[in-house]
Amino acid sequence: MSNSVLVVGGGIAGIQASLDLANRGTKVYLVEKTPSIGGRMAQLDKTFPTLDCSICILAPKMIECYRHPNIDLLTYSEVEEVKGEAGRFTVKLLKKPRYVDSTKCTGCGTCMEKCPVKVPSEFDMGLGNRKAIYMPFKQAVPLIATIDTEHCLYFTKGVCRVCEKVCPSKAVNFEQKPEEITAEVSSLILATGFDVFNPSAMREYGYGRFKNVVQSMEFERIISASGPTGGHLVRPSDGKEPKSLVFVQCVGSRSQHGEFPFCSSVCCVYATKESILTKEHAPETDVSIMYIDMRAVGKGFQEFVDRAKEEHGIKYIKAHPGGIAEDPVTRSLQIYYEDIPTGNMKKLDADMVVLCPALIPKEDNRRIAETTGLELDDYGFFKSRNSLTAPVDTNVPGIYVCGYCQGPKDIPESVAQASGAAARAAETIMCTTKGVKS
Amino acid sequence: MNEEEKPRIGIFICHCGVNIGAVVNVPEVVEYAKTLPNVVHAEGNLYTCSSEGLSKIKEAIKKYQLTRVVVASCTPRTHEPLFRSACEEAGLNKYLFHMANIREHCSWVHPKEPEKATEKAKEMVKMAAAKAALLEPQEEPEIDVEPTALVLGGGISGMTAAVSLANQKFKVHLVEKENELGGKLRELYKLYPNDCYTSDVLEEFKQAVRSNPNITVHTSSTLKQSEGFIGNFKVTIDHKGKEEPFDVGTIIVATGADVLKPNGTYCYGQSKNVVTQLELENIFKEKTIGKPKNVIMIQCVGAREEKEGGRNYCSRICCAVAVKNALQIKELSPETEVFILYRDMQTYGREFEEQYEKARQNCVQFLRYDAENPPEVIQCSDGKFMVKVHDILLNATLELDADLVVLSTPLIQREEAKELSKLLKVPLGADGFFFEAHVKLRPVDFATEGIFICGTAHSPKTIAESIAQAYAAASRAGIPMALKRVRTEAITAFVNEELCTGCGTCVKLCPYNAIQKDEYGIARVNDVLCKGCGVCAASCPEKAINMRHFSDKQVLAEATAALGGA
């Protein structure tokens, strides 16, 4: 019988579950696919409804995970295979080669300065660049460089190796091999988070064709001080400050024909937040939110929306936007929409449009479901054992689920569920090691 | 501190990316810091909180034999623990660390005046260095934790938390004011999404509570008294006039919520045919729904409005409840027309949205009204009702007959919560619900250690959300109980016995009941109870009380530095 727990996913849910368990003395393996933990929350500028700086409240928790004596942080690693049952799972993990020795790298960044290859930064949603050897963002944990073999000149063309030459710690190692790790654990907690639906599939909105139509995760990076524009709210086509901005809700979500029928639960309020932030950047900007139903259902959210209307003058328009057109010269946009109260077709001009796309389950959930025997719902969310009475349990005893990968939810709900999953994992340890059934 | 042993201060000034760096001239502040008394090292960091920044602090402590560390960056609220740990790891007592907040208190509030902001940052660094020079090491005493929890409220949240804690092998006292477990759910008929009877679900939970030997259930009981602190709460339960004392290590508040009764609006209270959604559940249970021709549900009654008697928040669950109950009516009486008059359909997430779609397919009529133009309910002479509503989707005013009007009213805090809030010294928010330590990252903790919150006492939420939160509270409460020990506050008050005249002013003023007079009439501070608020020190007429880490000397040094002194 093992006393350890393996947590899959290093976003806020995975971090919270890991910390709760580690702080009670349980050994935790925290597995993250990308080079750094932090997840989506690390990419956000501020959080609603308190407008706390997202990375500022997250970073201490990320570092606590890194420094915790009970947490084995396995970044750039993936779950390959899960066998066994509650109390005794054997998990095979693949630690991908960073081609940088994590025991030597100090995170100084010299390699990144000298690397000649620029690659669109995933963290900045492709709006800024990183290098082929990179740390995804400044507060990355662990702060260790990783070589992206798809773009590195040595791996693609057999030349360069500049990083190896300039590294003051001699940490670059082109010979590094993938490493297989086996963990014996009592239970697993899945916290794989979400992906953002690519709105270019909805051609009527022009995303991907019109430069000044962006999606909301991109907008978070645009207004973030650590983002590609240094926190200056400017539109992509010409770097000018937009005088008018329109948010479009339910892009690909709540759709009965194709796409995703569910509601992502967070967009109404994050659009409100992004609107307020826009007004804080440039108070003269004309900001509108086109929505179907204003879903501000969390604690303090309706009050937040009321404040956006009354104090910041954000306009909320009940609308079904039908299409967006672009002026080919100015690159400004016209939104054609059905005004819900009047039923009339109307047009609204905007310098920039922010689409709020469906937040969808990770594709990788299917692979994890296959090896663990977990059930997914129609959309690819992990299914709770009973969505009413057992929200963090799954159909496999000893495997728990938390955060957005179980269904749409916001940060506090994800944190609560993560602690909840940690409680269930702690119960499993106590009940299996003491021979009592849960 | 030894007079000969001069403090050696190291100062780290954070750019916080552009948060500070784009306004404050950090290199200039670094150079200035180097000129301050006792400062032997100063440097700027892009992010002092990054693992790289923390390593730099640790290296500098060793390299320059620092005895004091100052970080000028963001708020100590989030980052002080981190920097303190870095100091500890390098062998420095963490109370020899001090922080200047040059972001919230400087760069963020003066973004348009970079030069003045730089000057202000310098002064803040100077103040911090002046205080740091006088800091003394402090200890955090360890105390034992009683591995028993008190769970207040025997509804679905309280039962879930109790069973989880009991499975974690802790003893639990589950206290319920009614004579049976189940809470508000006892009043519900059927539950979505599995269309199961609430009574069946409750029976399953009650069985789990009853069969667990680690749980003691106290029905018809309320919390009478609570004193003590994390790990060592002494609580007294009132059971029908009989008092029972217990020692518990942690407390979970799961006292649930009430439903607003909208007296005086929409003819509520004038007829048995105008009911709340909760009362409709009872009609289902008693099977007295019959075959009404028209049922009209009105959403946001007393919610999302500023009107007196109402609540300005959204109660989260009412739209989904209305959809569920509309489908229930359709099932019991397929010929009945059900109208839902709503402002915004709050069927968030996955299952509620599916249910909403199902209701539309089942011909439930959704009419959308505007907050400025709410529906009117008029009682007709035949006892029936006429509901007048302006539907903004049709842009027309409709007059609908109704046999039954169902009002969706919000969940509200229970009246008793105010008393409980005082008893446990935990706060209520502006919306009346219990207020957690941090809305984003500490959703089930109270700021007071050892006390936790879950379920609808925290805010309106669904059963599944309440259960998840109850597990969360069980996790958080389980941490100190699993460790069996916790470290307590080091910043406490202490009494200079020579100066104390035993006047008792501090005893009366202490909000935590942490001070008592001893047998000689001298004030004594209980270090574990003391939260270091400083009320006693500020009010002591003899200046006999001082605060650890905030001594008069230290505070005056900081103030003197601010006013231009050395």
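**View 1. Buried residues of helix α11 in chain B.** In α11(B), the residues B:Phe352, B:Glu353, B:Gln355, B:Tyr356, B:Glu357 and B:Ala359 are buried, where buried means under 20% relative accessible area, exposed means over 50% and partly exposed lies in between, with a 1.4 Å probe and protein chains only. Helices (H or I, at least four residues) and strands (E, at least two) are DSSP runs, numbered from the N terminus. The buried residues of α11(B) pack against α10 (318-332), β18 (337-342) and β19 of chain B, and a contact here means heavy atoms within 4.5 Å. After α11(B) comes B:Cys363, whose phi is positive, near 65 degrees.

This is a predicted model, in which local features need pLDDT of at least 70, side-chain atom pairs count only at pLDDT 80 or more, and totals for chains, interfaces and linings use all residues. Residues are numbered from 1 along each chain as its sequence is written, chains are lettered from A and ligands numbered from 1 in the order in which they are written, and side-chain values use heavy atoms, with hydrogens and water left out.

**View 2. An aromatic pair between α11 and β19 of chain B.** B:Tyr356 and B:Phe366 form an edge-to-face aromatic pair, 4.9 Å centre to centre and with 75 degrees between the planes. Rings of Phe, Tyr and Trp (its six-membered ring) pair if their centres lie within 6.5 Å, and planes under 30 degrees apart count as stacked, over 60 as edge-to-face and the rest as tilted. Because B:Tyr356 lies in helix α11 (residues 351-361) and B:Phe366 in strand β19 (residues 365-368) of chain B, the pair ties together parts that are ten residues apart in sequence. Both B:Tyr356 and B:Phe366 are buried. B:Arg360 lies over the face of B:Tyr356, at 4.4 Å from the ring centre; a charge sits over a ring if NZ of Lys or CZ of Arg is within 6 Å of the ring centre and within 35 degrees of the ring normal.

**View 3. Aromatic rings in chain A.** Over all chains, a search of the whole structure finds 24 aromatic pairs. A:Tyr154 and A:Phe155 form an edge-to-face pair, 5.6 Å centre to centre, with 75 degrees between the planes. A:Tyr154 has 23% relative accessibility and therefore counts as partly exposed, and A:Phe155, at 29%, also counts as partly exposed. Elsewhere, ring pairs link A:Phe194, A:Phe197, A:Phe260, A:Phe262, A:Tyr379, A:Phe381 and A:Tyr404 into a cluster. The charged end of A:Lys27 sits over the ring of A:Tyr29, 5.0 Å from its centre.

**View 4. The disulfide of A:Cys53 and A:Cys56.** A search of the whole structure finds one disulfide over all chains, a disulfide being a pair of cysteine sulfur atoms within 2.5 Å. The sulfur atoms of A:Cys53 and A:Cys56 are 2.3 Å apart, and the torsion about their S-S bond is about 65 degrees, so the disulfide is right-handed. A:Cys53 counts as buried at 10% relative accessibility, and A:Cys56 is buried with a relative accessible area of 8%.

**View 5. The surroundings of B:Thr250.** B:Thr250 is placed in strand β14 (residues 250-253) of chain B, and at 0% relative accessibility B:Thr250 counts as buried. Not counting residues up to four places away in sequence, B:Thr250 touches several residues, among them B:Thr148, B:Leu150, B:Phe233, B:Phe452 and B:Met481.
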